[in-house]
Amino acid sequence: MELRSGFPLLLQQYQALLRKNFLLSWRNKRATVLHLFSSLFFIFLIFCIQKAIESRYSSSTALNDVPNPELQPNPSIPPCEDKYFIKLPCYDFVYSGGSSPKVRSIVSAIMAKNPGRSIPASKVLSFGTPAEVDKWLFNNPMTCPGALHFTERNGTVISYGIQTNSTGVARRGQYEDPTFKFQIPLQIAAEREIARSLIGDPNFSWVVNFMEFAHPPVNNFSAVNTVGPTFFLAIAMFGFVLQISSLITEKELKLRQAMTMMGLFDTAYWLSWLTWEGIITLIASIFTVLFGMMFQFDFFSKNNFAVVFLVFFLFQLNMVGFAFMLSAFISKSSSSTTVGFSIFIVGFLTQLVTQFGFPYSKTFSKSLQVIWSLFPPNLLAKALSFLSDATSTPGDPGISWSSRKECAPNDPDCVITINGIYLWLVGTFFLWFFLAIYFDNIIPNAAGVRKSAFYFLRPGYWTGKGGSKVEEGGICSCLGSLPVLEPITPDDEDVLEEENTVKQQLSDGIVDPNVAVQIRGLAKTYPGVWKFTLGCCCKCKKTSPYHAVRGLWVNFAKDQLFCLLGPNGAGKTTSISCLTGITPVTGGDALIYGNSVRDSVGMANIRKIIGVCPQFDILWEVLSGQEHLHLFATIKGLPPSSIQSLAEKSLEEVKLTQSAKTRAGSYSGGMKRRLSVAIALIGDPKLVILDEPTTGMDPITRRHVWDIIEGAKKGRAILLTTHSMEEADILSDRIGIMAKGRLRCIGTSIRLKSKFGAGFVANVSFADRKGRQTPSLNGVPNTSAGYEEIKQFFKSRLDILPKEEHKSFLTYIIPHDREKLLTKFFDELEERKGELGISDVQLSLTTLEEVFLNIAKQAELESAAADGTMVSLTLMASGETLEIPVGARFVGIPGTETAENPSGVMVEVYWEQDDSGTLCISGHSDEMPVPPNVHPLPSLRTLSLRSASQRSRLGQRGPVYGIVYEPGQVTAYN
Ligand SMILES: Nc1ncnc2c1ncn2[C@@H]1O[C@H](COP(=O)(O)OP(=O)(O)OP(=O)(O)O)[C@@H](O)[C@H]1O
């Protein structure tokens, strides 16, 4: 089938990803609705705040239209209890100058002739000097609204001063103006009675009326301006957090890596997210303006719709770009809320500072304004303040589309306009977007891989020939050169032969048409990483580089399945990651249908012809099986017309037709694996890589998937890794077992079993060991023979003991070196079957599992010997403890040399692997003399040549080291 490539493929991928993004938003309805409609909630809150503030100041005329202000005639000094906040007992006023009789008579007149009510004497206090009044006021706060200070200068001049508590206060929606309520009545009364006293006419008419200005409402408070920046930032934060979390989830779950492996263009990925977020932001911004108009805010209705809409749209789009950029630095989706919250808090503070006028005035430098404008919430705060100021009073017309470039009326500095803010928002959006792509490339991805910091300067990056070269380690790490991997000649002759074949073909330049994949000395060394530990002091330590794959030489033939086995950590997944381009190789190369994994063009070609089922299911929880297949088929470049039928066929093959439309999140583990297998096989790939494809499947489904894999062999090569020996046995044409990064054996299943197995397995069924009757072959019941006789028979003829014993059967492993005795042995066994009470004997080759365990153990022993790790061996006979290297087989006991045994005695140590594959001691043999002419291994520690008891007598401390002998020498002697 012809796959699409180039621009048509880019377009096809873009459309498929856009659909995927739509489906993700559609299925995640709660988050999407929150994103789109959160503005309604916040605008409603702003509306409530506006109404609350308006009602608070309702008693003030400032917010009202006052065309004909009322006359307030001859105001009276109110009782001090009328003050909103006062401490009882209180005084209507206090005065100084009380030593003068004239003053005292003036004050008496003020009290007696107060309009409307006379003031009782208990409500007025008299002091000698203003200082005394101040002292009293200081010591008795909140007990008096005003004070008068009289000075009798001469017989015709009496001057006075006035002090009032001038703080305006509000209570329960009522506003108290102390000037009008307390100060002016006191002032009028003092002047009136001074005048009357000086004139000498106590009834002289003195009437003063007063009146406030006629004025339109002065709407100084705008909730949009005050709380708007914070609330609109909060609205944008919903989209921001959702965006970061979507991007990081795809990174964290390796979904993006899986798409890249299938040949996804980065351009399609970024453009699809940008388009989708652009659409969502556009709708959310339109809703914001419409909701604002719905609540009849002048801010929204008087300013031009497009002007207001652009502020919200460009700001939210800018935040999307900001989210793109930040997502490159975050690896866990659970951190997205924390990041969002942090940005919100910082934004809230910087907006507050912006509202106070910083730094958009001529007093601040241009560079400060530029730096400040890089943080999008600051630009929003400034724009909102412009728009809100433009509609602060009912007469303000707002900002029209044509006036967006003009300076705001009350902004004399005019360092920025609304239009300037648009340009800043657009400019910084592109800055964030390009930085997002740049950081995405240079910050290590999920596989720890990144491009160099100056990757865009390589011409190959732009021409598509070599610019994808990747590196490992953090951007700040100086990797230096990785340690050189010493070439190791394989111990196994088959592995050596395979290696030589590949090397020969390489040197001769032969391209074998039957070879699909040629792995040429593939090596992978993970660089060490810096680790910080916090303790009493901070420590920074670099781990040593790790050789995960140490030179693989192997051919995978077409139409065949090659099974790669190996214990955990053997390097199987790393090898696959090298073949699929997830991680760069550090040595050697691999050719997949002639394309090198080291070459970026080659890798691009490889992505078109491979299908991968990764070790862990890489699926979107909310997408169905069918949607997954559609998406991956589209990314691969299959023609759209064929995708529907191919997806249906694939689903049928993996028995998922019934669940085709069910979301993958509700699939069982086995169903997910089957879907992953179907994804790997879609698009007729020439190389299929299956990393543990049947994990978690029930036996019936597993067999079914085996049939699919078996059927898929034709026309392609398959590389399978599995921990199921049965699966490997059934499916593989060839098997390679890896351990510690090296290929340890290679061949067909039979070849490996006969070569590495312990021999044959004989299962002998008989009458149970209590001697219950079991019919012998000739039908005569036999109760005399049984268990012990059979054991004796095997011991005497083959010198073997049963590996497993059961009440009705025994299992023997017959080693290879007894094979020559077998013909005679089975002839005799056949003859004596009845006599021994044997009902049946089954003979088979040892299992692949045993081969696997042997190889793994051998590799573990080699590695332990190389590392020199020590463990304690407790001797059964003496209870003494010896320190011995892990894997040591024959261990001499220090201090046991006697005349009879001049070299001392030794034990054979038995090793087994625990659940994690680590070697541990399972027991040891009886003590036996060390054979003559057998020498201790020089490289191992034999420092302590005295026994523990001798050392204790001599008062020596520290461990006792066993003496390790070369196993070859010991077994040769035996
Ligand atoms: N990114 C990495 N950095 C450092 N070491 C790594 C990295 N990835 C894998 N390794 C190490 O490389 C070794 C091989 O790992 P790999 O995953 O290839 O093993 P495997 O054979 O696939 O094991 P399994 O059967 O458990 O999947 C392991 O010891 C592992 O810890």
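In which hand does α24 pass α27 at their crossing? The structure is a predicted model, in which local features require pLDDT of at least 70 and side-chain atom pairs count only at pLDDT 80 or more, while totals for chains, interfaces and linings use all residues. Residues are numbered from 1 along each chain as its sequence is written. Helices (H or I, at least four residues) and strands (E, at least two) are DSSP runs numbered from the N terminus.

The crossing of α24 over α27 is left-handed, a term applied if the near helix is turned anticlockwise from the far one by less than a right angle (right-handed if clockwise). Ser 749, Leu 752, Lys 753 and Phe 756 of α24 make the contact with Leu 848, Val 851, Asn 854 and Ile 855 of α27; contact requires C-beta atoms, placed from the backbone, to lie within 7 Å. Helix α24 (residues 749–756) packs against helix α27 (residues 848–867) at about 60 degrees, with the axes 9 Å apart. Axes are lines fitted to C-alpha atoms, for helices over the stretch in contact, and angles run from 0 to 180 degrees between N-to-C directions. The two helices are therefore oblique to each other (under 35 degrees is roughly parallel, over 145 roughly antiparallel, 65 to 115 roughly perpendicular, and the rest oblique).

Helix α19 (residues 625–636) is largely enclosed by the rest of the structure, because 12 of its 12 residues are buried. A residue is buried if 20 or more other C-beta atoms lie within 10 Å of its own, exposed if 12 or fewer, and partly exposed in between, with C-beta atoms placed from the backbone. The cover includes α1 (6–27), α7 (255–261), α20 (640–653) and α21 (669–681). Just after α19, Gly 637 adopts a positive phi of about 100 degrees.

An open sheet is formed by 4 strands in the order β14-β11-β16-β17, with antiparallel pairing; strands pair if DSSP finds at least two bridges between them. Because β14 (546–557) and β17 (595–596) stand at the edges, each with a single partner strand, one side of each is left without a neighbour in the sheet. Strand β16 (residues 587–592) is joined to β17 by 2 bridges, and Leu 591 has Ser 596 of β17 as its bridge partner.

Asp 733 lies in the loop between α23 (725–731) and β21 (734–739). This residue counts as partly exposed, with 16 C-beta neighbours inside 10 Å. Not counting residues up to four places away in sequence, Asp 733 touches Gln 560, Leu 561 and Phe 562.

Technical notes
Contact = placed C-beta atoms within 7 Å.
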